[in-house]
Amino acid sequence: MSLQMVTVSNNIALIQPGFSLMNFDGQVFFFGQKGWPKRSCPTGVFHFDVKHNNLKLKPAVFSKDSCYLPPLRYPATCTFKGGLESERQQYIIHGGKTPNNELSDKMYVMSVVCKNNKKVTFRCTEKDLVGDVPEARYGHSIDVVYSRGKSMGVVFGGRSYIPSAQRTTEKWNTVADCLPHVFLVDFEFGCSTSYILPELQDGLSFHVSIARNDTIYILGGHSLANNIRPANLYRIRVDLPLGSPAVNCTVLPGGISVSSAILTQTNNDEFVIVGGYQLENQKRMVCNIISFEDNKIEIREMETPDWTPDIKHSKIWFGSNMGNGTVFLGIPGDNKQAVSETYYFYMLKCAEDDVNEDQKTFTNSQTSTEDPGDSTPFEDSEEFCFSAEANSFNGDDEFDTYNEDDEEDESVTGYWITCCSTCDVDINTWVPFYSTELNKPAMIYCSHGDGHWVHAQCMDLAERTLIQLSEGSNKYYCNEHVKIARALQTPKQALPLKRPPLKSLHKKGSGKILTPAKKSFLRRLFD
């Protein structure tokens, strides 16, 4: 095992706990970020380009017939062998947290439709589910089993918000374990069926799952109800005959207590578990080898890598599987320094040889994607914040379409402000209000005094009015200053000028009548 530090050359703020990595034929792609993505990459998917221990994020390209894919955090992902040659390898994405901290119950299918030396073009489609649809959740697992020439998706575990009837202002974002039901999902017809297995008594999240043919192994995980990490090892076998599927569960000995561990495959029958937590405040520094032989599973400890002092002393860590026996790890930066990075990143190579491509479709794990925070357990914190850093993508080829002139530095422009006494724009829960908004709220300049910025949504402006004020140079006054501005702009009332009637212009007793030319001259004179 070798551990190397990785330098992120651009957009380091995008890599936050909760991300996922997807490996398409050796090319790794980053998915999921905190906050709304840049408009040059509306799906939050980036090419994870690592060369000479230097990482560069490049926006991915999607086909025109793709659906919108939000940058989800903590989703369940797995690979799936498609029927078409062009869709030989697909990724299934289910659940996760949206940028507004809401949970998703949608299922997406990602596949490659075009690939050349410069870029990879993806297609993303949303799969509609019917039947026993799994509720919105995160921290769960999804795997694909193959039996009798058929395939089926298996969803298990995770966390969800408490029911709406129990949610109060203080407990609005409180989460609970999902019921320990096993869901079988038919990807072809979108049918979902839930199964209750007596061996599964407690809900689990951030566990490790390994799919082998018609069998799934569930290892470790965290139970919120009991606040424990049970050393359980479950074997779930799915039989897919012509009739109804048969699902059974067996409790096996030899499990380990761990949550948020990262699983990577080193060869056809061997996997490595890295990272995770064994207690609320304690990382699990031991690595394990999971080997399969004749449908038997064996778990044993292995020699640990030479962890750096930063990794050893850090209370939290997170990461994801890059494929080919490589794990990407992140730890918080040193806040004691005057200038420090938010996170430091490492690549841990558990195997030098490439993994057989056909075997990549059989592995999946719940990566260490849980939010850090001051609350415990560390991996279970629900802290959410938007990224305040807007860096350019620094592209040097046509794959990069981002222009840094299109974006402003949000760290100094103060878009997240309290603009008035009734301001309800919150950095943690902001949702686009106008169609013109994407990654920051629309603001408008109040001209009163020295001037100040206000949120257009708080001023209750119609979008047409917002666009008109933005295009022109007219002065605008917010709700708090509009009365003052009107008083300044309204002139004092003046008595109207009295015009003497034309009859008074005639001399009394003269008998003379003014000619039309003289009347016109006098009218212009008095006007």
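I started at Asn-474, which counts as exposed at 59% relative accessibility. My cut-offs: buried is under 20% relative accessible area, exposed is over 50%, and partly exposed is in between, with a 1.4 Å probe and protein chains only. Asn-474 sits in the loop between α3 (463-471) and α4 (482-489). Helices are DSSP runs of H or I with at least four residues, strands are E runs of at least two, and both are numbered from the N terminus. I also checked Asn-474 against Ser-447: 27 residues apart in sequence, 9.4 Å apart C-alpha to C-alpha.

**Ground rules**

This is a predicted model, where local features need pLDDT of at least 70, side-chain atom pairs count only at pLDDT 80 or more, and totals for chains, interfaces and linings use all residues. Residues are numbered from 1 along each chain as its sequence is written, and side-chain values use heavy atoms, with hydrogens and water left out.

**Whole chain**

I counted five helices and 32 strands. Of the 527 residues, 52% are buried. I took contact to mean heavy atoms within 4.5 Å. Among contacts between residues at least 6 apart in sequence, 59% join residues at least 24 apart. The chain exposes about 26,400 Å², and carbon and sulfur atoms supply 49% of that. Those areas come from the Shrake-Rupley method with a 1.4 Å probe; for residues, only the protein chains shown count as cover.

I looked up the UniProt record. This unreviewed entry lists Cys-419, Cys-423, His-455 and Cys-458 under "binding site". UniProt positions follow the numbering used here, feature names are shortened, and annotations may be inferred rather than shown by experiment.

Cys-419 lies in the loop between α2 (410-413) and β31 (443-446). Cys-419 is buried, at 10% relative accessible area. Setting aside residues up to four places away in sequence, Cys-419 touches Trp-453, Val-454, His-455, Cys-458 and Met-459.

Cys-423 is in the loop between α2 and β31. Its relative accessible area is 18%, so Cys-423 is buried. Beyond four places in sequence, I found Cys-423 in contact with Ile-417, Thr-418, His-455 and Cys-458.

I found His-452 in strand β32 (residues 452-455). At 24% relative accessibility, His-452 is partly exposed. Its contacts, not counting residues up to four places away, are Ile-444, Tyr-445, Cys-446, Cys-478 and His-481.

His-481 is in the loop between α3 and α4. His-481 is buried, with a relative accessible area of 16%. The His-481 side chain makes a polar contact with the His-452 side chain at 3.4 Å. A polar contact here is a pair of N or O atoms within 3.5 Å; within protein, one must be able to donate a hydrogen and the other to accept it, and residues adjacent in sequence count only if both atoms are side-chain atoms.

**Salt bridges**

The structure holds six salt bridges. Each needs a side-chain nitrogen of Lys or Arg within 4 Å of a carboxyl oxygen of Asp or Glu.

I checked Asp-239 and Arg-148: their side chains meet in a salt bridge at 2.7 Å, N to O. Asp-239 is in strand β20 (residues 233-239) and Arg-148 in the loop between β12 (141-147) and β13 (150-156), so the pair ties together parts 91 residues apart in sequence. Asp-239 is partly exposed at 27%. Arg-148 is exposed at 60%.

Next came Arg-300 and Glu-270, a salt bridge with its closest N and O atoms 3.9 Å apart. Arg-300 is in strand β27 (residues 296-302) and Glu-270 in strand β23 (residues 270-274), 30 residues apart.

Asp-49 and Lys-58 form a salt bridge at 3.4 Å, N to O. Both Asp-49 and Lys-58 are buried.

**Asp-186**

Asp-186 is in strand β16 (residues 181-186). Asp-186 is buried yet has no salt bridge; Lys-127, the nearest side chain of opposite charge, is 7.4 Å away. For charge, Lys and Arg count as positive and Asp and Glu as negative, while His and the chain ends are not counted. The Asp-186 side chain reaches the backbone nitrogen of Glu-188 at 2.9 Å. Leaving aside neighbours within four places, Asp-186 is in contact with Met-152 and Cys-191.
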